[in-house]
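Work through the two exercises below with the sequence and the model at hand. Each has a task and a stepwise solution.

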Amino acid sequence: MSTPVISAQDLRKTYGRGGGSFEALKGVSLDIAAGESLAIIGKSGSGKSTLMHLLALMDEPTSGTIELEGRDTATLAGRVLNRVRNKTFGFVFQQFFLTANQSVLENVVLPLKIAGVPARERRMRGMAALEQMQLADKAKNRAVNLSGGQKQRAVIARALVNDPRVIFADEPTGNLDTSTGGVVEDLLFRLNRDQGITLVVVTHDEELAAKCDRRIHIKDGLIVDEEVAA
Ligand code: ADP
Ligand code: MG
């Protein structure tokens, strides 16, 4: 078997300290294979977002290890960590909003700007990502003027622009109506299928979860069940 893209061992996460502390993850181990699509499902408050934040190196576990392509990430810090995260991952998170008054293209190329990519190349790659999301005609519009589905496609274009190995999506269709959500889902799975981008998605949506290669059920901070597509 090839090295997993992400390998997590015995992840625990406690928020706060003393009497008011809360153990949101209680020992989660998980390997994510390159190119797979993985759904993380479970009730609200079960620890899904906490797990995703740890896997995406956006927060540190209280204990446990996370390897990225066989390399222990505990040794990464500061600028190096930011660069690795920015280069390796794309994010489709509800809390990562578009900047309303900037153009769609400016929003999409932000990860490239952070990575220090020159303006001309940013523009080319940003437009290519928007084309993949069938949103090139909106490049110059202000983000605030997009519909819900268009906004989410712009967010996916931004997640895609740095040519990531893994896209993390937290409830990517949560705020969309069924048909708009379906379009967004199809685009995400197309990236997984056609470009081999690993897809890790937190969802309440059974149909979306059913489309993934593998489903992990989280309950009270633990993996309680796992299903692999037949
Ligand atoms: P889910 O995404 O499954 O709804 P979360 O991972 O967001 O669950 O949260 C798991 C538990 O941890 C919840 O009880 C939540 O209230 C708690 N929690 C999450 N983030 C924090 C935080 N920053 N401080 C304190 N408690 C938190
Ligand atoms: Mg959540």
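The exercises treat the ligand site and then a pocket.

This is a predicted model in which local features need pLDDT of at least 70 and side-chain atom pairs count only at pLDDT 80 or more, while totals for chains, interfaces and linings use all residues. Residues are numbered from 1 along each chain as its sequence is written, ligands are numbered from 1 in the order in which they are written, and side-chain values use heavy atoms, without hydrogens and water.

**Exercise 1.** Determine which residues surround ligand 1 and which elements supply at least two residues of its shell.

Solution.
1. List residues with a heavy atom within 4 Å of the ligand: Y15, F22, A24, K43, S44, G45, S46, G47, K48, S49 and T50.
2. Assign elements, taken as DSSP runs numbered from the N terminus (helices H or I, at least four residues; strands E, at least two). Strand 2 (22-32) and helix 1 (48-55) each supply at least two residues, and helix 1 has the largest share, 3 residues.
3. Look for polar contacts, pairs of N or O atoms within 3.5 Å. Oxygen atoms of ligand 1 lie 2.7 Å from a polar backbone atom of G45, 3.2 Å from a backbone N or O atom of S46 and 2.8 Å from a side-chain N or O atom of K48.

**Exercise 2.** Find which element gives the most to the lining of the largest pocket.

Solution.
1. Take the lining residues, those with an atom within 4 Å of a pocket point; a pocket is an open set of points on a 1 Å grid over the protein atoms alone, where a 1.4 Å probe fits, with protein on both sides within 12 Å along at least five of seven lines.
2. Of the 18 lining residues, R85, N86, F91, P111 and I114 are the closest to the centre.
3. Helix 2 gives the most, 5 residues.

How values were computed:
Polar contact = N/O pair within 3.5 Å; in protein donor to acceptor, adjacent residues only side chain to side chain.
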